[in-house]
Amino acid sequence: MRTPATRRDAVENRAGIVDAATAAIGHDPHASIAAIAARAGLSRRALYGHFDDRNAIVREVIAAGAARFNAIADRIDDADSRLALARLASELWREAAHVQAAAALALDDAHLPETSAALAPLRRRIDAIVRRGQDSGELRTDLPAPTLSRLLEETGRMVIARVDAESETARSIAVTAVLGIAGLSWTQARDLMDQHPDLEAQ
């Protein structure tokens with residue numbers, strides 16, 4: 001029978017493996033079990049004591065990343081929907097940029113169904129911002145709210161997959177791309193970002 005201390009150690013070891021896997025996959029999306037185990041400071045045998053295979057680890061990495069994304073979405077409370085979308089894009093990009101390859105892996109087609117389910121709270125927040133923005137006239141109204149929400153998601157997904165996180169302008173690209181789909185011109189997006197420099201601060 002496991003003692004509470006033993007169970008706590010097991011949980012901490014599992015969390016450490018997930019952190020190591022996130023870092024390893026963030027560096028190389030094809031990182032092997034051996035590479036993940038080495039980064040975690042474990043043998044492959046010890047790692048298999050926590051996870052059945054690499055796919056199980058990847059699923060855990062996705063779940064952990066989704067939880068961080070959902071937490072960011074939960075903190076966004078700007079009354080102006082344009083600023084809310086800009087801040088959401090900015091904060092999500094800052095989180096994803098640290099582990100861009102891992103984030104891109106989570107958003108690729110092979111993992112999209114489970115990623116989509118894990119990101120349900122984030123999707124609900126985007127939907128709410130879009131509906132509020134359309135009702136107030138702050139966002140484009142030529143598209144139904146569900147369509148616009150999905151386009152915003154796809155834009156974010158594309159930016160994470162295609163924009164170099166090392167670029168000094170990456171964060172502003174993420175924000176302006178989302179605002180452009182939402183209906184703002186590039187000059188309107190630039191004005192908003194100039195008013196809120198934290199949106200693109202390094």
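Tutor: The crossing of α10 and α11 is right-handed, meaning that the near helix is turned clockwise from the far one by less than a right angle. This is a predicted model, in which local features need pLDDT of at least 70 and side-chain atom pairs count only at pLDDT 80 or more, while totals for chains, interfaces and linings use all residues. Residues are numbered from 1 along each chain as its sequence is written, and side-chain values use heavy atoms, with hydrogens and water left out.

Student: Which residues of α10 and α11 make the contact?

Tutor: S172, V175, T176 and L179 of α10 meet A189, L192 and M193 of α11, contact being heavy atoms within 4.5 Å.

Student: Switching topic, where is D78 found?

Tutor: D78 lies in the loop between α4 and α5 (81-97).

Student: And is D78 buried or exposed?

Tutor: D78 is buried, its relative accessible area being 15%, where buried means under 20%, exposed over 50% and partly exposed in between, with a 1.4 Å probe and protein chains only.

Student: What is D78 in contact with, leaving aside its neighbours within four places in sequence?

Tutor: The contacts of D78, with those neighbours left aside, are L83, A84, R87 and R132. The side chains of D78 and R87 are joined by a polar contact of 2.9 Å, a term for a pair of N or O atoms within 3.5 Å in which, within protein, one must be able to donate a hydrogen and the other to accept it, and residues adjacent in sequence count only if both atoms are side-chain atoms.

Student: What happens at the start of α4?

Tutor: There a side-chain oxygen of D53 comes to within 3.3 Å of the backbone nitrogen of N55.

Terms used:
Helices (H or I, at least four residues) and strands (E, at least two) are DSSP runs, numbered from the N terminus.
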